[in-house]
Amino acid sequence: MARSALTMTAATFAATTALLLTACGGEDSSPDDIKGAETGKSSSSPSASASGAADVKRPDVSLPEDLKLVFDFEKPSDTEQAAALEDAANYIRALDHGIAQQDPNDPAYQFYSTGGAEKYAKSQIEAWVKDGWTVTGDDRYFDASIDPVGEGKSVLVSFCRNQAKFYSKKVKTGKVNYTEENLDSYQKFSLLMSPSEAPAAVWQARQIEVQGRVKECKG
């Protein structure tokens, strides 16, 4: 099982981002239903309220004991950027939660995403489930940057990934597919994040681009 079965090309990402901004007049003005909120359990992790929306019932994004996600991010001083960054991390947590739960319709990723990013998460989970794999090990994300997009509140959140110690594991047998660190271990994620129109702000991923074999992330 490939560690990242699906990617979006930079050209496709740019095109879909441009279409989104054009449709929204430079900002996200139409209300979004926060899918998954009514069915998910409240998470006991600090991430559940880190974006300042503690009164929102957020879904469970807890992970198995043998899977550790590390987000080595410097928290922005701007509160909205900090919220966008934290919910970008929650989107990643939710994706892995869906894989661990073996549920392509897991409410967690639906809560933290919409549009292309939601489709990407669903497709990723479906691919892992279809092949009988789950995830284990340590997955590290670092070097985050946040850039405004258009005239609205949307931002582009980008960060590197080191998945050298992130492995696939057979669900039925528990056998882990260990791999050696190489350039394939390093990726770069770009997420178009926008605030929802819910009473308490939750940021959702709208589009995602995943670039593989990124030398700049290896350092």
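Helices (H or I, at least four residues) and strands (E, at least two) are DSSP runs, numbered from the N terminus.

Keep in mind that this is a predicted model, where local features need pLDDT of at least 70, side-chain atom pairs count only at pLDDT 80 or more, and totals for chains, interfaces and linings use all residues. Residues are numbered from 1 along each chain as its sequence is written, and side-chain values use heavy atoms, leaving out hydrogens and water.

Back to α4 itself. Its buried residues are G116, A117, E118, Y120, A121, Q124, I125, A127 and W128. The helix has 16 residues (115-130), so at 1.5 Å a residue it should span 22 Å, and its end C-alpha atoms, 23 Å apart, agree with that. The expected span is 1.5 Å times one less than the number of residues. After α4 comes G132, with a positive phi near 75 degrees.

Now zoom out. The protein has 5 helices and 7 strands, and from the N terminus on they run α-β-α-α-α-β-β-β-β-β-β-α. Of its 219 residues, 53% are buried. Take the contacts between residues at least 6 apart in sequence: 69% of them join residues at least 24 apart.

Next, the salt bridges (a side-chain nitrogen of Lys or Arg within 4 Å of a carboxyl oxygen of Asp or Glu). By this rule there are 9, including these:

| Pair | N to O distance |
|---|---|
| R58 and D87 | 2.9 Å |
| E80 and K153 | 3.6 Å |
| K188 and E216 | 3.3 Å |

Where do K188 and E216 sit? K188 is in strand β6 (residues 186-195) and E216 in helix α5 (residues 215-218), so this pair ties together parts 28 residues apart in sequence. K188 counts as partly exposed because its relative accessibility is 22%, while E216, at 56%, is exposed.

Are R58 and D87 buried or exposed? R58 counts as buried, at 1% relative accessibility, and D87 is buried too, with a relative accessible area of 0%. As for E80, a relative accessibility of 37% makes this residue partly exposed.

Methods: Buried means under 20% relative accessible area, exposed over 50%, partly exposed in between (1.4 Å probe, protein chains only). Contact means heavy atoms within 4.5 Å.
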